Amino acid sequence: MKIKLLCVLCTSLLTVFTSVKKVDTSFKYMYSVRASSYSPLDEGTLYTYKEKLIDIYEDLCLNVEERYHEQLIRNNIKLFSFNSSSITAFYSNGMINVVIGKGKGSKIQGRLRKNSCDNEVIREKIYIFDILNGV
């Protein structure tokens, strides 16, 4: 009886341990920025914060080996809050996430460069915001 109970216990433990998936949270070189609301002013600031996020990321990571990027971002995630109390930055699912205000507006997602030799286009311009900002 004890042997059967022990076998059932071992089998159930092995089933539990083998069925649990390991969540892959390695850095995906992606970001997400969510606006406070859908107002035109918040939509304009959304793109400004996106540019700031990319600038901070590049200053922080591009001159460092790729294997250290995730740890650098985890340790310095507060830098992506842009020194503002209305902005929340966090690292989740391998992405840098920035939420402005209540985060009930539209969302921008994009890719980040892995190193300074990466030629992928990451700063897509929407020229109407440049005109509105007086650039």
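Analyst: Buried means a relative accessible area under 20%, exposed means over 50%, and partly exposed lies in between, with a 1.4 Å probe and protein chains only. This is a predicted model, in which local features need pLDDT of at least 70 and side-chain atom pairs count only at pLDDT 80 or more, while totals for chains, interfaces and linings use all residues. Residues are numbered from 1 along each chain as its sequence is written, and side-chain values use heavy atoms, with hydrogens and water left out.

User: Is Glu58 buried or exposed?
Analyst: Glu58 lies in helix 2; helices (H or I, at least four residues) and strands (E, at least two) are DSSP runs, numbered from the N terminus. The relative accessibility of Glu58 is 16%. Glu58 therefore counts as buried.

User: What distance separates the C-alpha atoms of Glu58 and Arg113?
Analyst: Along the chain, Glu58 and Arg113 are 55 residues apart. In the model, their C-alpha atoms are separated by 7.9 Å.

User: In what order do the four strands form the open sheet?
Analyst: Two strands pair if DSSP finds at least two bridges between them. Strand 1 (residues 30–34) pairs with strand 3 in the parallel sense over five bridges, whereas strand 2 (residues 87–92) runs antiparallel to strand 3, joined by six bridges. Strand 2 and strand 4 (107–111) are the edge strands, each pairing on one side only. The pairing is mixed, and the order is 2-3-1-4.

User: Which residue in strand 3 is the bridge partner of Ala89?
Analyst: Strand 3 has bridge partners in two directions: Met95 is the partner of Met30, and Asn97 stands opposite Phe90. For Ala89, the bridge partner in strand 3 is Val98.

User: Why is strand 3 described as largely enclosed by the rest of the structure?
Analyst: Strand 3 covers residues 95–100. It is largely enclosed because the number of its six residues that are buried is five.

User: What angle does the direction of helix 2 make with that of strand 1?
Analyst: Helix 2 packs on the sheet and touches strand 1, strand 2, strand 3 and strand 4. Axes are lines fitted to C-alpha atoms, for helices over the stretch in contact, and angles run from 0 to 180 degrees between N-to-C directions. Contact itself means heavy atoms within 4.5 Å. The angle is about 150 degrees.

User: What is the phi of Tyr29?
Analyst: Most residues other than glycine have a negative phi. Tyr29 lies in the loop between helix 1 (2–19) and strand 1, and it is buried, with a relative accessible area of 8%. Its phi is positive, near 60 degrees.

User: How many disulfides does the structure hold?
Analyst: A disulfide is a pair of cysteine sulfur atoms within 2.5 Å. Cys61 is buried at 0% relative accessible area, whereas Cys117 is exposed at 64%. The number of disulfides is zero.
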